[in-house]
Each structure stands twice: as C-alpha cells, then as structure tokens.
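Here's a short tour of one protein model. Have a look at the fold before you read on.

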Amino acid sequence: MTLEEAIGTARSQSVAALQAKHAFVSTYWAYRSYQASRLPSLNLYGNLMNFDRSLTLLQSYEDGTFRYANSYNLQNSLGLSVAQNVIFTGGRLSVYSDLRRIDQYGAFKNLTWYSQPITVSYYQPLFAYNQFKWDKLIEPKEYEKGRRTYIESMEDVTINAVEAYFNLIASVKSHEASETNFSNTLRMRSVASERMKLGTVTRDEFLQLELRALNDSIAVGENLVKVREAQMALNSVLGFDESVEVDPLIEENLPEILMDYNMVLDKALKNSTFSLANEIEELDAASAVARAKADRGISMSLNARFGLSQSGAGLPDVYRDLLNQEVVGLTFSVPIFDWGLGKGKVQKAKAAEEVVKAQNLQEENDFRRKIFTAVGQFNNQRQQCIASKRAMEIASERYSLMMDKFRSGGATVTDLTNAQNDSDSALSKYVADLGNFWNYYYSLRKLTLYDFLSGRDIDISVKEMVE
C-alpha cells in the first residue's frame with residue numbers, strides 16, 4: 001500500500017472520518033433549521049371532541065357569592081395559521097382563520113358556532129434584544145465554520161494516517177536492519193574466532209562481538225513486537241481489523257514545492273476556521289453587550305390583532321354580517337432603581353468583549369508565527385531528506401567496507417560496532433525525515449485548506465454527504 005492509498009483508505013472508512021462526517025451533518029441540519037425559522041410557517045391546529053360534564057365553580061356578578069353550576073357540553077375547534085418572523089424588527093406576524101362549535105346538553109340544549117374567518121395578529125417587542133438580527137449575522141458563519149471544521153478534521157485523519165504509515169515503515173526497516181545486523185555479527189564473530197587463534201583479535205574483542213550478537217538477537221525480537229504494534233496502530237487509523245497486514249512502500253521521489261509565506265498566510269486567514277472562529281467570538285461578545293443593554297432599559301411590547309368574527313346557531317350564520325374586531329395593547333416595564341444591577345451587567349459584557357478582542361489579537365500574532373515556522377520547516381525538509389538519504393547510503397557503504405576491513409584485520413571490533421550503529425541511525429533518520437516531509441506538507445494543507453499539488457482550495461460536496 002502506497003502512502004496515497006493509505007490516506008485514501010483512512011479518509012473513506014476510518015472511525016475518525018465517520019465521526020467528522022456526522023458532526024458536519026449535524027451542523028448542516030442545524031443551519032437548515034435556522035433557515036426554516038426565517039420562512040413562513042403553516043400550521044393546522046384544533047381541539048376535537050373536548051367533552052366536559054362536571055361541576056364548575058362560578059361567582060355571581062351581583063352579590064359576589066359562589067356556587068357550583070352543572071357544565072355539560074362538547075367543544076370542537078379547527079384553525080389554520082400562517083406565521084412569519086420579522087427579522088429586521090424582531091416581531092412576529094401571523095394570520096389565522098378558525099371555526100369553533102359548542103354543543104350544550106342537559107336541560108338547556110343549545111348549539112353555538114363561532115368563526116374568525118380572517119385575523120391578523122402582530123407582536124412587536126420595543127427596545128428589546130433582537131435575537132433574529134444577531135442570528136442572521138452569526139448562524140451563516142457557524143455553518144461555514146462547521147464546513148471548514150469538517151475539512152480540517154479530514155486533514156487530521158490524513159496526518160494521523162501519515163504518522164502511522166511512517167511509524168510502520170520505521171518499525172519494519174528497524175526490524176529488517178536488526179535481522180541483517182544479527183546475521184552480519186554472527187559472520188564477524190566467526191571471523192573473529194579464527195583471527196583469535198592467529199592472535200590478531202583479543203579475547204576482549206571476541207567477547208564484544210559475542211555480546212553484540214546477543215544484543216542483536218534481542219533487538220530482532222523487540223523490533224518484531226514494535227512492527228506488530230505499528231501495524232495494529234495503522235490498521236486502527238485505516239479502519240481495518242487485526243487480520244489485515246499492510247506492506248508500506250517508501251516513495252523516495254518528493255514533489256518539488258517551495259512554499260511562499262505570504263501566500264500561505266493569505267490562504268490560512270481566508271480558508272481556515274481560525275479567522276472565522278475569531279469573528280464568531282467577537283459577534284457573540286457584541287451580542288451579549290446588546291442583550292445586557294436591552295435588559296437594563298425599558299421593556300415594552302406591542303400586541304395588535306385585527307380581524308372579522310361572528311357567532312350564530314347555524315354554520316352559515318357565522319359567515320354573514322361579519323363583525324370587526326380590533327385589539328391593541330402596549331405593555332411596559334421601566335426600571336426606576338436597581339442598585340446598579342443593569343449597569344453592572346452591561347459593563348461586565350463590555351469587559352468580556354474587550355477581553356475577546358485582545359485574545360484574538362494575540363492569537364492572530366501566534367497564528368502568523370506558527371505559519372512562518374511551518375513554512376520554514378517544510379521548505380527545509382526536502383533538502384533535509386536528500387541529505388539524510390545520502391548519509392544513509394554513505395553509512396551503509398561504510399559499514400560494508402568496515403566488515404571487509406575487519407575480515408582482513410584492518411579494523412577493530414569497536415570500529416565495526418560504530419559503523420553498524422551509524423548505519424542504523426542513518427536509516428532511522430532518513431525514514432523519519434521522509435515522514436516529517438509529508439507531515440509538514442499535510443499540516444500546511446490543514447492550516448490553509450489548500451491543495452498545493454493541484455493548486456486548488458479543498459472543498460466538499462455537501463449534497464453527497466447529506467444524502
């Protein structure tokens with residue numbers, strides 16, 4: 001499996017990718033609910049077969065005495081309403097039509113119909129906090145933040161796959177190197193045994209090789225365990241069970257990309273969630289200030305209802321000679337003295353807003369420094385990989401030459417051990433540098449949500465994800 005195939009597998013079937021998808025779908029439907037709240041709503045309402053046979057406590061209007069009266073009736077009602085939130089003012093406009101019927105039983109049987117063919121109702125809070133206004137500013141940004149968060153989460157999946165992939169490569173290469181070292185050490189021990197008979201190798205040097213052989217045999221077993229652990233870790237990232245064995249391939253041809261700091265910073269500020277999250281935080285803080293100011297002052301609301309109505313004994317009667325109905329009312333509450341409670345809440349909200357602005361300014365400075373460091377690391381890493389590859393080749397060749405020199409008596413056991421250690425370290429360094437190259441690259445992709453290889457912003461198909 002190549003690195004590209006491992007990344008594709010992780011992004012398509014890993015648990016982390018599935019979690020990121022469902023998190024975005026939840027954000028999508030939350031935004032759809034917000035959009036629906038801005039549209040008219042049509043509702044059918046009613047009260048059917050409401051039967052009441054009981055004693056009801058009544059008070060006389062004449063002398064104020066109480067008595068129980070027999071209630072024996074059946075009530076039915078049905079209505080249709082259309083409501084619309086008024087975003088600009090924060091009010092609510094509704095239009096409804098309903099019909100009611102009361103069947104009265106007992107000694108005084110009676111049938112009464114009551115209709116309201118058309119009624120227009122409007123509720124308007126005055127000097128109040130307008131939730132609709134702030135939702136209009138914040139909710140679209142929250143949705144866009146959720147979309148970008150999903151893309152960043154998928155880039156996290158990619159980075160985890162890269163890390164697990166190269167950890168497996170490093171473990172496999174270390175295991176292969178330990179097996180090779182063990183085999184070479186056994187051969188050098190045989191050579192040392194013959195040379196010790198000739199007196200060109202001391203007993204101390206032979207024991208060094210004997211100890212080296214034991215350590216190499218131990219390293220073979222330890223590295224095999226590390227390979228299995230790395231394999232299980234990669235399988236977890238890819239969404240495989242423990243029965244799957246992935247054979248990772250090293251691709252040594254690295255893309256020739258040179259990052260420009262200004263371009264990367266521009267893409268990061270434009271595409272990532274960083275700037276958007278800061279904007280939302282500042283809007284939330286400003287919204288809290290507006291709410292505190294509204295709660296401190298005069299609370300007033302206007303209720304108005306205009307329409308037509310009629311009652312009668314028969315259904316046709318309630319739609320003849322309709323009567324006008326107008327209901328208008330103004331409610332208010334004026335704080336006269338609250339011991340500074342309202343002012344304190346406003347000042348607290350303003351202080352919180354200033355803290356958010358200061359924190360965002362500091363975070364932006366830190367973000368710019370983070371981008372600068374990431375660009376520098378990536379631009380240096382390709383040359384680092386080239387250098388570490390050459391160092392690995394030199395160390396391997398030197399180890400081979402040192403074994404030949406040891407056979408001929410031109411090198412000591414210490415020289416051989418040092419060459420072997422240098423070869424192992426150079427191999428590990430090269431694999432680590434390759435992993436760092438791709439880790440730096442995909443980290444920059446996450447910061448910018450930009451594909452530097454194709455030269456396009458990273459995007460998603462919302463329709464496909466939701467469906």
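Six strands make up an open sheet in the order β1-β2-β3-β4-β5-β6, and their pairing is antiparallel. Two strands pair if DSSP finds at least two bridges between them. Strands (E, at least two residues) and helices (H or I, at least four) are DSSP runs, numbered from the N terminus. At the edges sit β1 and β6, each pairing on one side only. From one strand to the next, the twist averages 20°.

Here are some strands of that sheet:

| Strand | Residues |
|---|---|
| β1 | 41-59 |
| β3 | 91-104 |
| β4 | 110-126 |
| β6 | 323-333 |

β3 and β4 pair in the antiparallel sense over 12 bridges. Leu93 stands opposite Tyr122 in β4.

This is a predicted model, so local features need pLDDT of at least 70 and side-chain atom pairs count only at 80 or more, while totals for chains, interfaces and linings use all residues. Residues are numbered from 1 along each chain as its sequence is written, and side-chain values use heavy atoms, leaving out hydrogens and water.

Now for the helices. In α5 (residues 261-271), Val264, Leu265, Lys267, Ala268 and Asn271 are buried (under 20% relative accessible area, with a 1.4 Å probe and protein chains only; exposed is over 50%, partly exposed in between). Seen down the axis of α5, these buried residues fall within an arc of 165° (taken from the directions from the helix axis to the C-beta atoms), so they line one face of the helix. On the other side of α5, Asn262 and Lys270 are exposed.

How values were computed: Axes fitted to C-alpha atoms, helices over the stretch in contact; angles between N-to-C directions.
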